[in-house]
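User: I would like to learn how to read a single-chain model, one feature at a time. Can we work through one together?

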Amino acid sequence: MSGPLGDLRVVEFGQLLAGPFCGQLLGDFGAEVIKVEDPGRGDPMRQWGREKPHGKSLWWPVVARNKKSVTCDLRTEEGQALIRQLIDTADVVVENFRPGTLERWGMAPETLWQTNPGLIVTRVTGYGQNGPYSSRAGFGSIGEAMGGIRYVMGEPDGPPVRAGISLGDSLAATYACLGTLVAVHARTNTGRGQVVDSAIYEAVLAMMESLLPEWAIAGYQRERTGATLPNVSPSNVYPTGDGDLILIAANQDTVFGRLATAMGQPELAKDPRYATHGARGAAMAELDTLIAEWTSTVEAEALLAVLHENGVPAGRIFRARDMFDDPHFAAREAIVRVPHPDFGELPMQNATPKLSATPGSVRTAGPALGEHNDEVYGGLLGLDETERARLRTAKII
């Protein structure tokens with residue numbers, strides 16, 4: 001056993017991000033994740049990413065870390081039978097195909113439970129396994145739009161924008177991981193597996209705070225507000241004397257009092273225009289101007305020093321290069337380096353959250369296509385070399 005989930009075997013059918021990120025999270029905490037890929041091309045994520053040194057993706061080593069790769073043509077009856085043998089040894093199946101795909105391959109949950117009643121089938125899709133939209137093609141961006149987050153992102157006078165990451169896919173995968181672990185816990189009492197149904201739009205919706213009752217009860221429609229939140233002030237990005245930008249979040253009454261002291265204007269905290277949360281929200285533009293006039297006279301390092309000394313939440317807006325140089329990232333080992341055959345020591349984000357007794361870890365970067373065929377098909381399923389050679393020749397694996 002390696003890690004707190006070291007007693008779990010996960011068979012991952014997912015492609016791109018929504019399913020594989022769930023597998024990544026489970027693998028980070030020790031689960032044995034066996035990723036099943038098409039023999040011809042593998043997961044398309046092997047080709048994704050903006051930068052491709054050596055013609056290879058820098059995204060793949062991260063999302064496929066801590067996993068084993070086997071190849072199998074799931075569109076053939078022989079391939080399906082082979083993988084059903086593998087699933088019979090597993091605790092969890094993770095997939096993010098369109099609903100009905102597993103069923104067409106003879107791998108409906110009800111079928112799999114006949115030989116493995118404790119199996120947990122984790123399914124990540126755009127719209128969920130049922131409902132009028134379930135059969136539609138669903139990508140993360142569409143789920144973000146339907147779940148509500150796209151409408152509220154951007155500047156007030158511009159169109160909705162997206163985050164620079166695959167937010168919807170990652171949220172659905174995170175909830176899928178949560179659901180999987182809940183199902184594993186439930187199995188200890190029932191001995192039975194179940195389906196975990198994680199829809200991208202619902203994962204996004206789950207993050208939308210009080211958006212629904214605001215509309216239903218108060219008739220209030222949240223709109224795009226750029227870098228701020230409505231009636232939450234001060235909480236914004238402010239200029240510095242040396243041309244940098246610093247984010248300051250001092251919207252709580254006591255924290256605003258500390259900010260006013262740091263500014264050398266303690267009387268602001270008692271001024272009726274700014275003394276309460278509601279008053280500051282109403283005077284947001286005026287207050288932001290007042291704070292910016294002060295921050296623009298102080299260089300960034302000195303500004304951060306005085307803010308931190310006074311207990312005011314503040315910080316730089318980090319880019320990747322800032323993370324590599326930051327002492328806090330280093331002290332908490334937020335970035336780890338993993339050996340890679342092409343890239344040498346490959347840096348990536350560490351496993352999170354941190355557990356005091358049974359922490360997760362990054363043990364290997366994403367594997368080569370079919371790297372573990374012999375280990376899994378030979379060692380685990382007991383197929384001899386002659387049979388594995390036949391399957392390779394027939395392009396089943």
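User: What percentage of the contacts in the chain with a separation of 6 or more is accounted for by residues 24 or more positions apart?

Analyst: Note at the outset that this is a predicted model. Of the contacts with a separation of 6 or more, 68% are between residues 24 or more positions apart. The chain contains 17 helices and eleven strands, and its C-alpha trace spans about 85 × 50 × 40 Å along the principal axes.

User: Which residues have the most contacts inside the largest nonpolar core?

Analyst: A nonpolar core is built from buried residues joined through side-chain atoms within 4.5 Å. The largest one here has 36 residues, and Val 10, Cys 22, Leu 26 and Ala 31 have the most contacts inside it. Two or more residues each come from helix H1 (18–28), helix H2 (60–63), strand E4 (92–95), strand E5 (120–125), helix H7 (167–190) and helix H8 (200–205). H7 gives the largest share, eight residues. There is also a second, separate core of 28 residues, which includes Leu 82, Phe 97, Leu 112 and Leu 391.

User: How many residues of H1 are buried?

Analyst: A general point on helices comes before the case. An α-helix has 3.6 residues a turn, so residues three or four places apart point the same way. In H1, eleven of its eleven residues are buried. Among them are Phe 21, Cys 22, Leu 25 and Leu 26, as well as Gln 24 and Asp 28. Just after H1, Gly 30 takes a positive phi of about 105°.

User: With which residues is Cys 22 in contact, leaving aside its neighbours within four places in sequence?

Analyst: Cys 22 is in contact with Val 94, Thr 122, Ala 173, Ala 176, Cys 177 and Thr 180.

User: How many disulfides does the chain have?

Analyst: The test is a pair of cysteine sulfur atoms within 2.5 Å. By this rule the count is zero. Cys 177 is in no disulfide, and its nearest cysteine sulfur, that of Cys 22, is 5.1 Å away. Cys 177 counts as buried because its relative accessible area is 10%. Cys 72 is also buried, at 2%.

User: Is Ser 166 buried or exposed, and where is it found?

Analyst: A loop position has to be checked by its accessible area. Ser 166 is in the loop between helix H6 (140–147) and H7, and with a relative accessible area of 19% it is buried. Leaving aside neighbours within four places in sequence, Ser 166 is in contact with Leu 17, Trp 59 and Glu 144.

User: Where is Arg 273 found, and what is its relative accessible area?

Analyst: Arg 273 is in the loop between helix H10 (253–262) and helix H11 (277–282). Its relative accessible area is 46%, so Arg 273 is partly exposed. Beyond its neighbours within four places in sequence, Arg 273 is in contact with Ala 279, Arg 280, Ala 283 and Glu 286. Arg 273 and Glu 95 are 178 residues apart in sequence and 54 Å apart in space, C-alpha to C-alpha.

Key: Residues are numbered from 1 along each chain as its sequence is written. This is a predicted model: local features need pLDDT of at least 70, side-chain atom pairs count only at pLDDT 80 or more; totals for chains, interfaces and linings use all residues. Side-chain values use heavy atoms; hydrogens and water are left out. Buried means under 20% relative accessible area, exposed over 50%, partly exposed in between (1.4 Å probe, protein chains only). Helices (H or I, at least four residues) and strands (E, at least two) are DSSP runs, numbered from the N terminus. Contact means heavy atoms within 4.5 Å.
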